[in-house]
Amino acid sequence: MIKIWKQNELSIVQSAILERGSWLQVVDPTPLEITSLEREYGVEPETIHDILDVDERSRSEREESHSIIIYRVPT
């Protein structure tokens with residue numbers, strides 16, 4: 001599942017458009033969503049691999065154009 005979030009004047013709301021300052025939330029992506037992450041959103045394949053690796057530790061990284069936060073939540 002892919003959701004886009006952004007902050008408006010009062011709160012954080014779901015959005016249909018990814019723009020500067022938005023948050024791209026990815027939970028249990030399907031193969032089609034993985035392709036979409038690479039092609040439409042420009043997410044590097046290595047980042048997707050890290051997201052899907054159940055042994056990957058929670059972490060954050062900052063690049064010039066974006067930040068990545070991998071956050072593990074036990075279910």
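**Figure 1. The salt bridge between Glu19 and Lys6 in the predicted model.** Glu19 is partly exposed, with a relative accessible area of 38%. This view is taken from a predicted model. The side chain of Glu19 meets that of Lys6 in a salt bridge, with an N to O distance of 3.0 Å. Because Glu19 belongs to the loop between strand S2 (12–15) and S3 while Lys6 belongs to strand S1, the pair ties together parts that are 13 residues apart in sequence. Lys6 is likewise partly exposed, at a relative accessible area of 29%. Side chains of opposite charge can pair when their charged atoms come close. In total, the structure holds 4 salt bridges.

Figure 2. The side chains of Arg59 and Asp50 form a salt bridge at 2.7 Å, N to O. Asp50 is buried, with a relative accessible area of 16%, whereas Arg59 counts as partly exposed at 25% relative accessibility. A salt bridge also links the side chains of Glu56 and Arg59, at 2.2 Å, N to O. Through shared partners, salt bridges join Asp50, Glu56, Arg59 and Glu61 into one network. Glu56 itself is located in the loop between helix H2 (45–52) and strand S4 (59–62). Apart from neighbours within four places in sequence, Glu56 is in contact with Asp50, Ile70 and Arg72.

**Figure 3. The buried and exposed sides of helix H2.** Thr47, Ile48 and Asp50 are the buried residues shown in H2. Viewed down the axis of H2, its buried residues fall within an arc of 160°, so they line one face of the helix. Glu46 and His49 are exposed on the other side of H2. The buried residues of H2 pack against H1, S4 and strand S5 (67–70).

**Figure 4. The buried and exposed sides of helix H1.** Glu33, Ile34, Ser36 and Leu37 are the buried residues of H1. Their arc around the axis is only 160°, which puts them on the same side of H1. Pro31, Leu32 and Arg39 are exposed on the other side of H1. The cover over the buried residues of H1 includes strand S1 (2–7), strand S3 (23–26) and H2. An α-helix has 3.6 residues a turn, so residues three or four places apart point the same way.

**Figure 5. The surroundings of Glu33.** Glu33 is placed in helix H1, which comprises residues 31–39. The side chain of Glu33 reaches the backbone nitrogen of Thr30 at 2.9 Å. When residues up to four places away in sequence are not counted, Glu33 touches Met1, Ile2 and Asp28. The C-alpha atoms of Glu33 and Pro74 are separated by 22 Å, the two residues being 41 residues apart along the chain.

**Figure 6. The backbone at Asp28.** Asp28 is found in the loop between S3 and H1. Although Asp28 is not a glycine, its phi is positive, at about 45°. Most residues other than glycine have a negative phi. Asp28 is exposed, with a relative accessible area of 69%.

**Figure 7. A nonpolar patch on the surface.** Trp23, Ile69, Tyr71 and Val73 form this patch, and together they have about 510 Å² of accessible area. One of these residues, Val73, lies in the segment after S5. Val73 is exposed, with a relative accessible area of 55%.

Methods: Residues numbered from 1 in each chain as written. Predicted model: local features only at pLDDT ≥ 70, side-chain atom pairs only at ≥ 80, totals over all residues. Heavy atoms only, no water. Helix = DSSP H or I, 4+ residues; strand = E, 2+ residues; numbered from the N terminus. Contact = heavy atoms within 4.5 Å. Polar contact = N/O pair within 3.5 Å; in protein donor to acceptor, adjacent residues only side chain to side chain. Buried < 20%, exposed > 50% of the residue type's maximum accessible area, 1.4 Å probe, protein only. Arc of directions from axis to C-beta. Patch = residues over 30% accessible without salt bridge, like charges linked within 9 Å, V, L, I, M, F, W, Y side chains within 5 Å. Areas by Shrake-Rupley, 256 points an atom, 1.4 Å probe, with all protein chains shown as cover.
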